[in-house]
Amino acid sequence: MPIDPRDFTRAMARVPGPVTVVTTVSPSGERRGFTASSFSSLSLDPPLILVCLDKNASTHEVFVDTDRFLVNVLAQDQSGVALRFAASGTDRFAAGDMVPCEFGLPGLAEATARLACSTHEVLDGGDHSILVGRVETAHSGDSAPLVYCDRSFARPAPAEPALAATR
Ligand SMILES: Cc1cc2nc3c(=O)[nH]c(=O)nc-3n(C[C@H](O)[C@H](O)[C@H](O)COP(=O)(O)O)c2cc1C
């Protein structure tokens with residue numbers, strides 16, 4: 001018996017994830033971007049990350065064809081940016097907070113991290129495509145990251161001193 005998709009999504013909602021806005025520029029020079037929490041580190045050597053994009057998303061075609069993209073890891077006060085880059089049928093860049101960053105791609109100066117990637121591979125992942133990026137530059141900011149869990153945004157709790165010492 002196939003699993004009830006509601007059981008699957010309910011269980012996955014319990015898994016905390018990062019909140020990123022992934023951006024690129026189309027061949028005609030249009031800025032494109034989407035909010036994604038399916039972002040993960042994949043390999044250290046070579047340095048690879050992955051992010052999964054819905055095949056029905058309006059941005060899908062541009063991202064599977066691009067040779068470069070930028071992952072902006074959102075800071076704890078950037079939930080508004082996350083919602084804006086998840087909204088359909090609007091100009092996600094109209095707020096003017098995206099500035100040219102690595103490779104000249106649109107990025108957030110105040111992101112908690114930015115990873116500029118060349119497209120390593122695009123894999124099939126069911127109803128999503130898996131964008132595998134080779135990390136060309138990595139920028140780390142100072143602010144704490146935004147977290148998505150139980151369909152809400154959260155801030156990470158400070159680590160216990162003993163745990164922080166193990167990092
Ligand atoms: C917190 C959050 C995380 C999301 N994560 C993903 C994701 O990992 N992959 C994805 O394809 N869409 C994700 N989405 C949805 C997209 O941001 C976007 O809403 C969807 O691609 C529809 O956009 P469209 O109007 O361009 O088709 C997420 C949305 C939110 C609010």
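Visitor: What should I know about the model before I dig in?
Guide: It is predicted, so to speak of local features takes pLDDT of at least 70 and side-chain atom pairs count only at pLDDT 80 or more, while totals for chains, interfaces and linings use all residues. Residues are numbered from 1 along each chain as its sequence is written, and side-chain values use heavy atoms, with hydrogens and water left out.

Visitor: OK, ligand first. How many residues surround it, and which are the closest?
Guide: 15 residues surround the ligand, and the closest are S38, D54, S58, A86 and S88. A residue counts as near if one of its heavy atoms lies within 4 Å of the molecule.

Visitor: Which polar backbone atom is 2.8 Å from a ligand oxygen?
Guide: That one belongs to T35. A backbone N or O atom of A86 sits 2.7 Å from an oxygen atom of the ligand, and R92 brings a side-chain N or O atom to 3.0 Å from a ligand oxygen. The cut-off for a polar contact is a pair of N or O atoms within 3.5 Å; within protein, one must be able to donate a hydrogen and the other to accept it, and residues adjacent in sequence count only if both atoms are side-chain atoms.

Visitor: And how much of the ligand's accessible area does the protein cover?
Guide: 79% of the 640 Å² that the ligand has on its own. Those areas come from the Shrake-Rupley method with a 1.4 Å probe; for residues, only the protein chains shown count as cover.

Visitor: Back to T35. Where is it found?
Guide: T35 is in strand β3. Strands here are DSSP runs of E, at least two residues, and helices are runs of H or I, at least four, numbered from the N terminus.

Visitor: Is T35 buried, exposed or partly exposed?
Guide: T35 counts as partly exposed because its relative accessibility is 24%. Buried means under 20% relative accessible area, exposed means over 50%, and partly exposed is in between, with a 1.4 Å probe and protein chains only.

Visitor: What does T35 touch?
Guide: Leaving out residues up to four places away in sequence, T35 touches V19, T20, V21, V81, A82, F85 and A86. Touching, or contact, means heavy atoms within 4.5 Å. With A86 there is also a polar contact: a polar side-chain atom of T35 lies 3.4 Å from the backbone nitrogen of A86.

Visitor: Switching to T23. Buried or exposed?
Guide: T23 is buried, at 0% relative accessibility. T23 belongs to strand β2 (residues 20–25), and a polar atom of its side chain lies 2.6 Å from the backbone oxygen of P106.

Visitor: Which residue is T23's bridge partner in β6?
Guide: L70. Strands β2 and β6 run antiparallel and are joined by four bridges; two strands pair if DSSP finds at least two bridges between them.

Visitor: What else pairs with β6?
Guide: β9 does, antiparallel over six bridges, with V71 opposite L115. β6 is mostly covered too, since five of its six residues are buried.

Visitor: Which residues touch the most other members of the largest nonpolar core?
Guide: V22, F69 and V71, in a core of 16 residues. Strands β3, β5, β6, β9 and β10 each supply at least two residues of this core. A second, separate core has eleven residues, including A82, F85, L108 and L146. A nonpolar core is a set of buried Ala, Val, Leu, Ile, Met, Phe, Trp, Tyr and Cys residues joined through side-chain atoms within 4.5 Å.

Visitor: What's the strand order in the open sheet with β11?
Guide: β1-β11-β12, with antiparallel pairing. β1 and β12 stand at the edges with a single partner strand each, so one side of each has no neighbour in the sheet. β11 and β12 pair over three bridges, and V147 stands opposite A154.
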